[in-house]
Amino acid sequence: MTNASSSTLDTPAFSPLYLQIKGLILQGLQSGEWKPGEVIPSEMDLAARFRVSQGTVRKAIDELAADNLLMRRQGKGTFVSTHAEQQVQYRFLRLRPDQGDEHSEGPARRLILECKRMRASAEMARLLALRTGDALMHARRVLLFAQTPAILEDIWLPAQAFKGLNAERLASYPGPTYAMFEEDFGVRMVRADEKLRAVHPSAEQAALLEVDVNTPVLSVERVAYTYNDLAMELRRGLYRTDTHHYRNTLA
């Protein structure tokens, strides 16, 4: 690698070469050089650009693909992963029907209950790495599968990054919400941390989910991050589990 390329790295000098190349490609993703859904240069071109072997580039791309940041397509090249892709639309939604799979019920119908600006509480500011009182967008919605309410969600987003977001925009976008964040606001969620617990819904929550207040539901709190571990979303959902279950694959 050239000294110019090496100087752009945040990783220590002793970092393996493929990790340095991974960092450089990640910088290109972060800066928007290659946008979601776009093809990145070939391994040969990247090897020439960074003055390393194709094998080194291949190993870096393999890691980024394992992180779901890139996607290989046989005979077509390597593309920046996008939440608009069918195979990754359910990456962050782990609720599955007891009968069939995530595709058997068709896309969820979104019922937007509200979308408004608010100020961040101390807890929300801590989770989103903001200051108490910073402006947030708050959306509340119900997701229905087969016309039955399945998820009640509250979503909080930094208002500065989501200017122009409103209830109509949330309701009318035809694809996944995270795909809209990519396309309309340039924000790509690349990973998420979740906390789960069983709870009883409040009377208001039970009415929206069409269950009894004594029905246990799954509470899922998620903080989603874009590149560089920047928190961009706090989401709290209540999941019905009488006809669905939460499924995760551990490897």
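Across the whole structure, a search finds one cavity of 30 Å³ or more. On a 1 Å grid over the protein atoms alone, a cavity is a set of points where a 1.4 Å probe fits but cannot get out, and lining residues have an atom within 4 Å of a point. The largest cavity has a volume of about 40 Å³, where grid points are joined across faces, edges and corners and volume is the space filled by probe spheres set on the points. Strand S5 (135–145), strand S6 (148–158) and helix H7 (177–185) each give two or more residues to its lining. S5 gives the most, with three residues. Helices (H or I, at least four residues) and strands (E, at least two) are DSSP runs, numbered from the N terminus.

This is a predicted model, in which local features need pLDDT of at least 70, side-chain atom pairs count only at pLDDT 80 or more, and totals for chains, interfaces and linings use all residues. Residues are numbered from 1 along each chain as its sequence is written, and side-chain values use heavy atoms, with hydrogens and water left out.

Strands S1 (residues 70–73) and S2 (residues 77–80) pair in the antiparallel sense over four bridges; pairing requires that DSSP finds at least two bridges between two strands. Arg 72 has Thr 78 in S2 as its bridge partner. Three residues lie between the strands of this hairpin, where Gly 75 takes a positive phi near 80°.

Thr 56 lies in helix H4 (residues 54–66). Leaving aside neighbours within four places in sequence, Thr 56 is in contact (heavy atoms within 4.5 Å) with Leu 17, Tyr 18 and Ile 21.

Technical notes: On a 1 Å grid over the protein atoms alone, a cavity is a set of points where a 1.4 Å probe fits but cannot get out, and a pocket is an open set with protein on both sides within 12 Å along at least five of seven lines; lining residues have an atom within 4 Å of a point.
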